[in-house]
Structure formats: structure tokens, C-alpha cells
Amino acid sequence: MSDKLKQIINKQSEQQGAETLDQSDDIVQLVGFVIGEEEYAVPILAIQEIIKPFTWTRCPQVPKYVLGVFNLRGSVIPLIDLRVKFGLPPKSHNDETRFFVLKQDEDVAGFVIDRLTSAIRIKKQNIGPAPDTINGDDTMIDGVGKKEDRIITILKVDKLLARDF
Amino acid sequence: MDEFQEILQDFLVESFELVEKLDEDLVELENTPEDLELLNGIFRVAHTVKGASSFLNFDVLTHLTHHMEDVLNKARHGDLIITPDIMDVILESIDLMKTLLNTIRDTSADAGIDVSACVARLDKVSNGLEEGESLTSNAPEATVETSAIEDVPAEEEPDYDNMDPDELEAEIERLLNQRQEEDKAKREAKIAAGESVPKAPPAPSEEAESKREPTPAPVSPTPPPATISEAKKESDVKAAAPVNRAQTSVEQTIRVDVKRLDHLMNLIGELVLAKNRLIKINDDVEERYEGEEFLEELNQVVSIVSLVTTDLQIAVMKTRMLPIGKVFNKFPRMIRDLTRELNKKIELEISGEDTELDKSIVEEIGDPLVHIIRNSCDHGIEVPSVRMAAGKSETGTIALRAYNEGNQIVIQIDDDGKGLDANMLKNKALEKGLISEKEADNMSDKEAFSLIMKAGFSTAAAVTNVSGRGVGMDVVKTNIEKVNGIIDIESEMGKGSSMRLKIPLTLAIIQALLVGVQEEHYAIPLASVLETVRISKDEIYTVEGRSVMRLREDVLSLVHIGDIFEVERILDVSEHAYVVVLGLGTSKLGLIVDTLVGQEEIVIKSLGEYLKGIDGIAGATIRGDGGVTLICDVVALMDMAKGVKSTIMDNDAGKESSNEKTKASDYTVMIVDDSKTDRMIMKKALEPIGVTLVEASDGQEALNILKSGEHSFDALLIDIEMPRMDGYSLASEIKKYNRYKNLPLIAVTSRTGKSDRMRGVESGMVEYITKPYSADYLSSVVQRNVNFKSEFL
């Protein structure tokens with residue numbers, strides 16, 4: 001019996017070992033989403049959760065793209081409409097709309113996105129720098145990922161969470 | 001000795017905190033040298049440390065911080081630009097300050113560190129003598145010398161030249177006392193370390209008269225410094241520690257990490273939210289199942305839970321409570337020193353030192369109280385001769401009292417000094433450009449008194465060690481407002497003045513008044529609400545573009561909460577409004593709201609890093625229904641009200657969305673009916689004319705479609721009998737919105753009674769079609785109501 005158990009454990013650890021090999025450093029895991037026509041992505045570890053839209057409270061004296069605040073299990077979290085932030089006209093929420101809750105250190109915020117695509121694994125060498133036309137430290141773009149026929153804009157989480165008003 | 005130790009501990013904790021913050025601020029300042037706010041903050045830290053250390057007789061520290069303060073003061077007034085070179089000197093002095101504080105922590109004295117080099121550089125900076133010599137050159141390491149005998153007089157000497165004989169004598173005596181205290185401490189430490197020490201020598205009296213040797217060497221019973229090895233010193237410190245510990249163990253208390261208490265408080269906060277929610281659900285259930293038996297039981301459980309929660313909250317709050325005596329304790333000594341320094345006779349009366357306050361608040365009010373009392377001593381109480389001339393007793397009295405008043409603690413500081421001169425204050429403020437001529441004319445005495453708390457206002461002509469840089473009262477106001485407190489000043493010329501600080505018991509959970517504006521709710525801390533009044537539109541007058549109303553004898557300026565928070569006017573405003581009268585110290589403001597929702601206990605949550613510092617919003621709370629409600633910052637609200645243009649009266653009569661119709665399908669009609677067959681019949685009747693049709697199966701759905709704004713409707717066909725929301729309710733809901741004022745609502749129903757028709761009209765229906773109807777009739781009614789252009793047919 002214990003032999004069998006050992007075998008199983010060995011097998012599991014082997015598998016895990018194999019997986020960790022797979023996830024070696026040169027692969028980046030992202031979650032992709034769509035805003036307007038384009039696909040964007042953020043690192044999977046920065047995402048606290050993805051939830052369906054629900055009611056929020058409007059907040060005065062803030063830019064248009066800050067919709068307000070909402071209650072996430074007892075915490076009050078700001079809600080930001082990425083469509084508006086990216087200069088697109090606002091759109092009413094539908095079945096595919098999601099709130100993306102990003103977290104970095106103590107900063108947490110919810111972002112409204114049009115549609116979720118999928119989890120993306122992408123090799124580091126397939127990620128290029130942001131185009132030269134968008135330069136400077138102000139850019140929100142971390143890099144551009146190429147995956148098969150898609151081009152995915154990878155966003156900087158700290159820039160998304162940084163207050164810029 | 002015990003008392004001194006206690007004060008010393010507080011001083012050290014506070015100073016280390018301040019200095020830590022200082023480092024961060026200074027570095028930031030180097031990046032943004034013109035940030036006045038930051039500079040003010042840094043300046044206050046130096047000021048506070050200086051003040052506290054001077055009362056504890058840490059002369060070296062006082063000396064150093066005084067010069068730091070000079071430099072920072074210049075920078076604050078724009079006389080000095082902070083260059084990296086100057087910053088180096090400031091940072092060096094801060095490092096020195098830290099070393100001094102460490103020495104004080106270890107030895108209870110600040111002797112033995114040479115600050116003169118640094119002070120000289122600070123002076124150079126403040127006097128603007130920037131010769132070729134670099135400021136940063138050869139900054140000597142702060143050397144800890146075991147003997148203070150040489151250093152102390154060396155630094156103090158320059159000051160003696162400016163002293164009159166009386167002051168000098170006081171100074172000498174103080175230095176002697178300090179010396180004796182140090183010696184005593186050392187002896188005690190040694191006794192504890194098991195060393196035999198010679199008996200204390202008699203207090204020197206002859207030597208004290210000599211001018212050049214204020215700290216006479218013969219007093220020192222300690223062996224020459226050279227014989228004290230470093231190891232011995234360490235053992236001294238170690239030996240001294242157990243003595244302190246023995247003293248504290250007498251108290252019957254358990255020391256608990258504040259973090260644990262904070263966590264407990266947070267949990268209670270969650271519980272209070274859950275309780276609010278439970279109460280709300282209970283109300284709903286009560287409404288729906290009126291008269292059912294189980295309601296009674298539910299009611300009992302809910303009330304027990306709410307009772308226990310409240311008790312629990314109070315109990316946890318109490319664990320965080322500290323007697324205010326902890327703060328009051330340091331004042332008798334302070335007054336004693338001040339009386340000597342200022343040559344005044346002042347008596348301090350303390351009462352209510354057992355009054356308890358939340359720990360975090362106790363920490364916040366220490367500084368403000370120091371400043372207020374120093375101000376009273378310096379500016380309030382007159383010198384004995386003046387007092388005699390005015391027919392008062394030679395000794396002035398400052399009374400420090402603390403007591404409970406409802407949900408608040410009041411700390412009252414009374415003095416029987418000369419009082420505040422309202423006119424003088426006004427003139428001074430005018431001179432400094434803090435107020436305009438017009439403002440000064442309209443200012444009541446009380447408002448004039450509160451001028452002393454404006455930043456940059458100081459009534460003292462000369463800069464003394466005690467006060468008069470115009471920061472003190474500014475700090476008071478900032479700190480008190482930080483804990484949601486308010487300051488009330490009363491004064492009578494020649495009789496004295498009285499300052500009352502009203503402070504809430506706790507910070508985390510407050511009573512609030514919930515108000516509604518349009519579809520939004522806001523919470524206003526109840527402590528700032530004086531009263532609420534219901535008024536009608538014609539009670540509001542406009543004076544110079546501002547709305548005002550008459551409230552009994554006074555004229556109250558008004559502002560609409562919607563104007564402050566940029567609320568979109570979608571609902572029609574009713575004839576009546578409510579005015580919440582906000583009071584903050586002497587100023588009052590009427591806040592117009594649409595509805596009063598009620599009073600509720602709310603838990604304050606921060607808005608987080610991203611949204612912090614929004615004007616007018618102090619935080620948020622989570623309501624019983626799980627929604628978030630924003631909490632108004634009354635202080636900011638009052639400021640904002642000054643700049644807000646009133647729009648209460650102009651009801652921009654719903655911008656007509658009369659888009660030009662170019663084809664039949666530009667017309668959109670919604671069919672609201674719960675029966676699919678009925679909807680089909682209506683559709684069949686209207687399809688031939690080619691209008692766009694949208695369907696909804698009940699009133700609620702119809703309202704949601706309407707609100708979503710995806711379509712702009714030209715007419716609604718509404719059935720009366722529907723689940724969830726019937727036709728009448730739907731019609732009256734729709735009519736609340738400004739922009740649907742003129743939207744034709746057509747009832748299509750089998751109800752034919754006269755009273756039904758009447759209800760239809762009352763709720764805002766324009767047409768009433770009874771079932772059954774002919775397709776042509778329906779079509780013609782719709783065409784008439786949407787102004788259908790015949791050419792599209």
C-alpha cells in the first residue's frame with residue numbers, strides 16, 4: 001500500500017517537475033481582453049479577480065473615465081472605464097462586459113472591459129518593445145506580444161493603477 | 001522622576017516618529033523645492049521638537065532645532081531657496097538630531113554631542129552668508145563624548161550675553177538642576193549595577209553666581225570621563241532598564257499590540273455593516289409578511305443582535321481608550337518653565353483628566369494642546385504689573401478641563417488674560433492679505449477670533465523661543481480637523497479667552513445623516529449637523545448670485561449638494577426641499593438636499609490610494625443594501641460652497657431631443673405588456689406604418705430599457721395590469737424624469753372604469769385606449785401622438 005502511495009507521490013512530483021520546466025522563465029502568462037477593436041493583456045498575477053458587472057456609486061470631482069466606487073466584499077474600490085480612458089465613446093454594459101480587479105501591492109482598482117478573450121502564454125522573445133512612436137515613460141504600454149496571427153498590447157499594471165489626475 | 005520618565009518616553013516616541021517622517025519629506029522637498037505645503041510640514045516638525053525638548057531641558061537639542069527652524073522659516077517665507085547644498089546642511093542637522101535623540105533615549109540627557117559646527121553652518125545658511133566656502137565641507141562626525149562639561153557652556157555662552165540678570169539666574173539654576181538630575185541618574189544606574197558611589201555633594205550655591213561657569217565642575221561626583229570605559233557605559237544602560245521595568249509591572253494591565261486592537265476594530269466595523277443589513281432585511285420582511293407569527297421571533301433576534309453589536313462596539317472602543325491625563329501630565333511642568341521664561345505668574349488648574357479618548361486621538365491632540373497653552377501663556381496672560389494695574393490678581397490662571405458632551409469629548413482651555421481683540425485681529429489679517437476689506441467688515445467677532453488659526457497669521461511682534469512664528473495655531477487647526485474635531489473660540493477683552501476643542505470619541509464608526517439628491521445618496525457626519533429644515537422654493541432668495549434663506553433671525557447662505565457634487569439633474573425637482581444646516585465652529589452653511597433618508601451608524605472606509613483627496617469627500621461607507629455611499633467632508637464642503645455657482649432656480653427645461661426624422665423607422669415606440677399575444681396584436685397594428693418597435697414585458701423592464709438610453713422613444717404603449725410594476729407606477733416613475741416630461745404615454749387596457757381613466761390621467765397618461773380596439777384606431781392614435789409625418793406612409 002505504502003509503496004503504491006510512494007509511487008503516486010513520485011509520479012505527481014515528476015509531473016510537477018515537468019510543469020515547472022514548462023513554465024520556465026521565458027514564458028509570460030497573460031490574460032487577454034478586448035476594448036473597442038483591440039486586444040490588450042495584463043500579467044495574470046496582477047489580476048485579483050474578474051467579476052460580472054454590478055452597481056457602483058458615482059464619485060464627484062473625478063475625470064470621466066473614473067466611473068465611481070463599488071463594494072467588493074467589504075472593500076471600497078475605484079472603478080475605471082478603460083474605453084473612456086483610451087478615448088473611445090462609452091458603451092452600455094452587456095453580457096460580455098466584465099470588471100477586471102487588478103492589484104499591485106496596496107493599490108487595487110476595478111477596470112471595465114468590453115470582453116474577455118483568454119489566458120495567453122507567450123514566449124518572452126515574442127514580445128517586442130512598444131512602438132517608437134509611443135515613447136517616453138508616460139506610456140501605458142509595456143510591450144507588444146505576437147502570437148500566431150494576433151497582436152496583443154501588453155499594459156503596465158502600475159501605470160493602470162497610478163492616479164493621473 | 002517617575003513623571004519625568006513618563007514624559008520622556010512620550011517625547012521620544014513622538015520625536016522618533018516625527019524625525020522618521022522628516023527624512024521622507026525632506027527628500028521629497030529636494031525634488032519639489034517650491035512645495036509650500038511640504039515645507040510647512042517640515043517646519044512644524046522642527047518647531048514641535050524644539051518646543052518639547054525645551055520643556056524637557058534638552059538644551060543642545062533645542063539649540064540645534066532652533067537654528068534649523070530659522071533656516072526652514074526663511075525657506076518657508078521664500079527668503080531662501082533650498083539648494084542641494086543647503087539641503088545637505090539640513091539633512092546633516094537632522095542626522096545630528098537623531099543622534100541626540102538616541103543619546104537621550106540611552107542616557108536621559110542630551111549632553112556630550114557637539115552641535116556647534118552644524119549650528120554655525122545653519123546660521124550661515126539662514127544669514128545668507130554664502131561665501132566661497134562650501135557649506136558641506138568637513139562635516140565632522142557627531143562625536144559622542146563622555147564628558148559634557150566642556151560642550152554645554154560653549155554652546156550656551158552666546159545666549160548669556162543677551163540675558164538680563166534675572167533670566168540668567170533662572171538659567172543657571174535650571175542648568176544646575178539638570179546637572180543634578182543627570183548625576184542622580186548616573187548614580188542610580190551605578191547603584192543598580194552594584195557599584196558603591198560617594199554620597200551626593202551638597203548643592204552648590206556659591207559657584208552658581210559665577211557667570212562664566214554656569215555648570216560648575218565640582219558638582220560632578222563622577223570619576224573623570226577617561227575612566228569610564230565604553231563597556232561600563234553599556235552596563236549602565238542595561239542596569240537602568242530593569243529599574244524602569246519594575247515600575248511598570250505594578251499596573252494591572254496587559255500590553256496588547258495596537259495592531260491587534262485595530263484588527264478587532266475592523267472586524268467590529270464589518271459586524272456593524274452586517275447588522276445594518278440585517279435591520280434592512282428585517283424591515284423588508286416585515287412589510288411583506290405583515291402579521292405573520294415568525295416575525296415576532298425574527299424581530300427579537302434582530303434586536304438582540306443589534307444590541308449586542310452596539311455593546312461590543314463600545315467595549316472594543318473602550319479597550320482603545322486612554323485617559324486624557326496622559327497628555328495633561330506634561331503641562332504643569334511646562335507651565336512652570338514658561339512662567340520663569342516669560343516672567344509671569346501663572347497657575348494651571350486641571351480637571352477631568354480621567355476622561356477617556358481613543359488612543360489615536362490622544363496622540364493627535366498632544367501637539368495642539370501644547371501650542372494652545374503656550375499661546376495662552378505668551379499672549380493671553382499679562383505680566384504681573386499689567387495685571388495689577390487692570391485690577392486683577394497678580395497670578396493668572398489657565399484652566400484645562402476635559403469632559404464628555406454627548407458623543408463628543410470637549411477639551412476646554414480658559415485663561416483670564418487680556419483676551420482677543422477682534423479689531424486688532426482683523427487689521428492684522430488685512431495687513432497680511434489673508435482677508436479682503438469687505439470680508440473684514442462683515443466679520444463677526446467670533447469669526448475674527450478664528451483668524452488666529454489661519455496659516456501665516458501671527459500676532460507676536462518678536463520671534464521668541466516660546467511662540468510667535470505663526471505656525472502654532474495653524475497646527476492646532478490641522479490636527480484637530482484631522483480627527484474630525486472642531487474648535488470654538490470665545491473671548492472677552494480684558495477678561496480672558498476660552499477655547500473649546502470638540503472631538504469625536506472614535507474615528508472608525510460615526511453617526512451620520514443620510515441625504516438624497518436625485519438618485520444618489522450621501523452621508524453627512526451628524527456631529528456637524530445643527531438642524532434640518534423643510535423649505536419651499538420661494539423661501540430661497542438670491543443675493544449677489546448666491547442663494548440665501550432666512551433662518552429665524554439669521555441669514556443662512558445656501559448651496560445645493562447637487563452643485564457641489566456635479567449631480568446630473570435627471571429627476572424633476574419638487575416644490576419643496578430640505579436644508580441641512582451644517583455648523584463648523586463659527587461658520588454655518590445650509591446644504592440643500594432633495595430628501596432626508598435617515599440617521600445611521602456608519603463605518604468609515606477609505607477610498608484608497610487612487611481616489612484619496614477628492615474635494616468634499618472624506619471617505620465611503622457600505623450600506624445595508626451592499627451599495628457604497630460617499631461621506632461628505634464638511635470642512636471641505638464649506639470651502640467649496642464659496643466657489644460654487646447656484647443653479648437651484650434654473651431648471652433647464654429638458655433639452656428636446658427632437659432629432660429630425662427622415663424616415664418612418666426613425667420613430668421608435670415601446671410596447672409594454674405582459675401578454676405576448678397582446679404585444680403581437682399591437683405589433684401587427686403598427687408594423688404597416690414602419691416605425692421601430694421595442695418590447696418590454698413589464699414596467700420594470702420598460703423602465704430599465706428607457707434608462708439605458710439605447711433608444712430614444714417617441715411614445716410608449718402601456719398595459720395597466722402587469723407583474724412587478726404596473727402601468728400606473730411606470731407612468732409616474734417615467735414622469736419623474738425631466739427628459740421624459742413630454743413623452744406621450746398611451747394606456748392600452750381592458751379596464752374601462754371611470755376611476756381607472758382618472759388614475760391614468762393622474763399618473764401622466766395622455767391617451768386611454770380600451771381593449772378590444774381596431775388596428776387602424778391604434779395606429780392613428782400613435783401617429784397623432786408622435787407627430788408622424790404623412791409623407792412616410
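In chain B, helix α2(B) meets helix α3(B) through B:L36, B:L39, B:N40, B:I42, B:F43, B:A46, B:H47, B:V49, B:K50, B:S53 and B:S54, which touch B:L61, B:T62, B:T65, B:H66, B:M68, B:E69, B:L72, B:N73, B:A75 and B:R76 of α3(B), contact meaning heavy atoms within 4.5 Å. By class, this contact holds 10 nonpolar, eight polar and three charged residues, where Ala, Val, Leu, Ile, Met, Phe, Trp, Tyr, Cys and Pro count as nonpolar, Asp, Glu, Lys and Arg as charged, and the others, Gly among them, as polar.

The model is predicted, with local features needing pLDDT of at least 70 and side-chain atom pairs counting only at pLDDT 80 or more, while totals for chains, interfaces and linings use all residues. Residues are numbered from 1 along each chain as its sequence is written, chains are lettered from A and ligands numbered from 1 in the order in which they are written, and side-chain values use heavy atoms, with hydrogens and water left out.

| Helix pair | Angle | Axes |
|---|---|---|
| α2 (residues 36-55) and α3 (residues 59-76) of chain B | about 160° | 9 Å apart |
| α24 (residues 699-708) and α25 (residues 727-735) of chain B | about 20° | 9 Å apart |
| α23 (residues 676-686) and α27 (residues 775-785) of chain B | roughly 70° | within 8 Å |

The α23(B) and α27(B) contact is made by B:M682, B:A685 and B:L686 on one side and B:A775, B:L778, B:S779 and B:V782 on the other, and by class it has six nonpolar, one polar and no charged residues. Between α24(B) and α25(B), B:G699, B:A702, B:L703 and B:L706 meet B:L730, B:E733 and B:I734, giving five nonpolar, one polar and one charged residues.

Elsewhere in chain B, the 24 residues of helix α4 (residues 84-107) should span 34 Å at 1.5 Å a residue, and its end C-alpha atoms are 34 Å apart, which agrees; the expected span is 1.5 Å times one less than the number of residues. Just after α4(B), B:S108 takes a positive phi of about 60°.

As to confidence, chain A has a mean pLDDT of 82, with 87% of its residues at 70 or more, pLDDT being the predictor's confidence in each residue, from 0 to 100. Among the elements of chain A, helix α1 (residues 2-22) has the lowest mean pLDDT (66) and strand β2 (residues 38-43) the highest (90). Where pLDDT is low, the predicted coordinates should not be read in detail.

Methods. Axes are lines fitted to C-alpha atoms, for helices over the stretch in contact, and angles run from 0 to 180 degrees between N-to-C directions. Helices (H or I, at least four residues) and strands (E, at least two) are DSSP runs, numbered from the N terminus.
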